[in-house]
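Subject: Structure handover

Hello,

Here is the structure we talked about. My notes on what turned up follow below it.

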Amino acid sequence: MRDVNNKLVMKDFLEQLPKLAKDTHIENKKFFKKLKKHPPKNLDYIMQDLHEEQFENTDCLTCANCCKTTSPIFTDKDIARIAKHFKMKEHQFVSTYLRVDEDNFHVLKSSPCTFLAEDNYCMIYDVRPKACREYPHTDRRKFQTILDITLKNTEVCPAVYHIVEKMKTTIKVR
């Protein structure tokens, strides 16, 4: 029963997330601009703590919105590893599953992710792209260098939205 309730709560929150992200966008952008200019020396440690705290209470399998709405960037190493997993030639994997985007990166041809199962499990979890392994990047070192990505991810990932809200009350910027 708890799983059903969690899925309903997540479904409701995901429906509200675009509006919540839009409503806080300007405030978040101003906060990130100040943070970029004057990051606290311990920003990475603060972010590690916020990330860990949030993900103690976050079950990505009830959401999978990242897999349903966006594509990771596939590096050459990702392509080689996943193609090998499927016993395919790299060019076959690329032509079957990927396209080149406007920034000249390999991304999925379609969304939701081809490798996302109905139960929100990843069918290639053990060989998934680096971008998927590191998502949502809120515990990354030199966090101040990825503020633009983090701002964008508030629209996609409920955990990122909550982390950013907590950042604004935790981190004092000038």
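Contact here means heavy atoms within 4.5 Å, and buried means under 20% relative accessible area, exposed over 50%, and partly exposed in between, with a 1.4 Å probe and protein chains only. Helices (H or I, at least four residues) and strands (E, at least two) are DSSP runs, numbered from the N terminus.

This is a predicted model, in which local features need pLDDT of at least 70 and side-chain atom pairs count only at pLDDT 80 or more, while totals for chains, interfaces and linings use all residues. Residues are numbered from 1 along each chain as its sequence is written, and side-chain values use heavy atoms, with hydrogens and water left out.

Back to α4. Its buried residues are D78, I79, I82 and A83. They lie on the same side of α4, because they cover an arc of only 120° around the axis (the arc is that of the directions from the helix axis to the C-beta atoms). Exposed residues D76, K77 and K84 sit on the face of α4 turned away from its buried side. After α4 comes K87, with a positive phi near 55°.

Aromatic residues

The whole structure holds 9 aromatic pairs. Rings of Phe, Tyr and Trp (its six-membered ring) pair if their centres lie within 6.5 Å; planes under 30 degrees apart count as stacked, over 60 as edge-to-face and the rest as tilted. One of the pairs is F86 with F115, stacked at 5.7 Å centre to centre and 25° between the planes. This pair links distant parts of the chain, 29 residues apart: F86 is in the loop between α4 (76-85) and α5 (90-97), and F115 in the loop between β2 (106-108) and α6 (130-134). F86 is partly exposed, at 30% relative accessibility, whereas F115 is buried, with a relative accessible area of 5%.

F115 also stacks with F93, at 6.4 Å centre to centre and 10° between the planes. F93 lies in helix α5 and F115 in the loop between β2 and α6, so this pair ties together parts that are 22 residues apart in sequence. F93 is buried, at 0% relative accessibility. F74, F86, F93, Y97 and F115 form one aromatic cluster.

Separately, R128 lies over the face of Y125, at 3.7 Å from the ring centre. The criterion is NZ of Lys or CZ of Arg within 6 Å of the ring centre and within 35 degrees of the ring normal.

Cores

A nonpolar core is a set of buried Ala, Val, Leu, Ile, Met, Phe, Trp, Tyr and Cys residues joined through side-chain atoms within 4.5 Å. The largest has 18 residues, of which F32, L35, M47, F143, M167 and I171 touch the most other members. Two or more residues each come from α1 (2-37), α2 (43-55), α7 (147-153) and α8 (158-170), and α8 gives the largest share, 5 residues. Beyond neighbours within four places in sequence, M47 is in contact with T138, F143, I163 and M167. Another core, of 14 residues, lies apart from this one and includes F74, Y97, C113 and I124.

N28, in helix α1, is buried, with a relative accessible area of 0%. Leaving aside neighbours within four places in sequence, N28 is in contact with L151, V164, E165 and K168.

Cysteines

How many disulfides does a search of the whole structure find? The search finds 0, where a disulfide is a pair of cysteine sulfur atoms within 2.5 Å. For C66, the nearest cysteine sulfur is that of C67, 3.9 Å away. The sulfur of C122 is 6.2 Å from the closest cysteine sulfur, in C113, too far for a bond.

Backbone

Most residues other than glycine have a negative phi, and most peptide bonds are trans. Against that background, the peptide bond from S111 to P112 is cis, with omega near 0°, and P112 lies in the loop between β2 and α6. The peptide bond from Y135 to P136 is also cis, with omega near 10°; P136 is in the loop between α6 and α7.

Phi is positive at N104, near 70°, and at K142, near 55°. N104 is in the loop between β1 and β2 and is exposed, at 62% relative accessibility. K142 is in the loop between α6 and α7 and is exposed, at 56%.

Regards
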